[in-house]
Amino acid sequence: MGNEALVWISITPLLVCILTFVSHIMNCRRNRKRAVGFFHPYTNDGGGGERVLWCAVKAIQEERPDLDIVVYTGDHDASPQSLITRANDRFGVRLLSTPMVVHLYKRKWIEETTYPHFTMIGQSLGSVYLSWEALCNLTPLYYFDTSGYAFTYPIARVFGCKVICYTHYPTISLDMISRVRERSLIYNNNALIARSIWLSRCKIIYYTCFSWMYGFVGSCAHLAMVNSSWTHSHIEKLWKIPDRIKRVYPPCDTSGLQALPLERPADPLIVVSVAQFRPEKAHAVQLEAFAIAIQKLATDFPRPKLHFVGSCRNKSDEERMQNLKDRAIELKVDKDVEFFKNVMYRDLMKLLGGAVAGIHSMIDEHFGISVVEYMAAGAIPIAHNSAGPKMDIVQEEDGQQTGFLASTIEEYADAILKIVRMPETERLRIAAAARIRASRFSEQRFYEDLKAAVRPIMCPTSS
């Protein structure tokens, strides 16, 4: 047998695989459904991202009622009826019609626990596999990512979809690279790496390579909506598609919360913290600051209470919540701290309506829906002095202070003390100004801005 025959025999299986692959892609492209497919693997995370999902679904239903809505979810117990019920009960969002559901069975490939090391690149490449599963099951005309999985965009384009995304937070940012270069100790840069020059340099190379890849895949989006000035700045630098980036502030329930009375019970004064029990939310900072504030508080003042309100996505979140409970015991404030897990929307409103202050401590929070919710509800915000809260939210309203910004545990403790000791008239004045400021980020504003952004893509004849 000649050499040429041997070569053909050896490459024939590869050619068959390639042709089968191309044939499958072409078949999916020909059979695209008149639908908008929302890629949101975690439809039970209970955070601001899930609120964006349901509000985006409703906005598209209003703008294009002729298109079906498909939700790609890895929650196997999710059904069309359970999702429409959840949107209403958890977030107060009434969908116009019931969405279709495509279940994803490969979600483990985007779980952080699957990748003990190189988590960021592992999850990103895992999302490619997950999006392949999604699009093979049902290929829509429009692929709408609301979870920040940019590595799925080239796949969606291969399937012939128009790619739209709502980016809450860049997977990597220039700030992250700077902190590694400065060898700062933070939740995504552990002590071992921060102490080592060699490991820090290796991580800088890793981050730099990843940022180039992230920029490439992100540039495949036909429309990229971002949720804040901070996110806009980073995405524009990384993706380099300035003409396709639109800032759309996330939907905050300002109307329902603004109906709450500004007067609050004086005994006890309640400080509320609303955030998922994730490492970047830095709940420990809040607990430490609260303990310091109580130590400094004069005995003639009633002891305030701290309410942690959040959802747990998995076992790791449950463990973080338990660690907070244990730490509260060590700090001798366990009787002053309460935990509320996976609360319903109506219960969240009650908790916000009883708080004099709301605390937030995530560094470089992309926007900060919880901060806006505090302000709308009449709770004075104490937010981290960075990114969204600093650049967009906690700013003066007609010359009046609307809240406090803090960076260190001591600054958070001082802010808590100031609010607790504050005369009622001053507190009401700040709370009223904060409520006015919060109206800039209403749910209705989100609907209007999102529909205006997608109209040139989804309704090109009307542009």
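**View 1. G358 has P381 of strand 12 as its bridge partner.** The model is predicted, residues are numbered from 1 along each chain as written, and local features need pLDDT of at least 70. Strand 11 (residues 357–359) pairs with strand 12 in the parallel sense over 3 bridges; pairing requires at least two DSSP bridges between two strands. Strands (E, at least two residues) and helices (H or I, at least four) are DSSP runs numbered from the N terminus. From strand 11 the chain passes through helix 14 (residues 369–377) to strand 12 in a right-handed β-α-β crossover, meaning a clockwise path from the first strand over the helix to the second when the strands point away from the viewer.

**View 2. Strand 12 (residues 380–384) is largely enclosed by the rest of the structure, because 5 of its 5 residues are buried.** Buried means under 20% relative accessible area with a 1.4 Å probe, protein chains only. Strand 12 also runs parallel to strand 13 (residues 404–406), joined by 3 bridges. H384 has A406 in strand 13 as its bridge partner. Helix 15 (residues 387–393) carries the chain from strand 12 to strand 13, again as a right-handed β-α-β crossover.

**View 3. An open sheet of 7 strands, paired in parallel, has the order 3-2-1-4-5-6-7.** Strand 3 (100–103) and strand 7 (245–247) are the edge strands, each pairing on one side only. Strand 1 (residues 33–39) and strand 4 (residues 140–145) pair in the parallel sense over 5 bridges. F144 in strand 4 is the bridge partner of F38. Side-chain values use heavy atoms, without hydrogens and water.

Terms used
This is a predicted model: local features need pLDDT of at least 70, side-chain atom pairs count only at pLDDT 80 or more; totals for chains, interfaces and linings use all residues. Buried means under 20% relative accessible area, exposed over 50%, partly exposed in between (1.4 Å probe, protein chains only).
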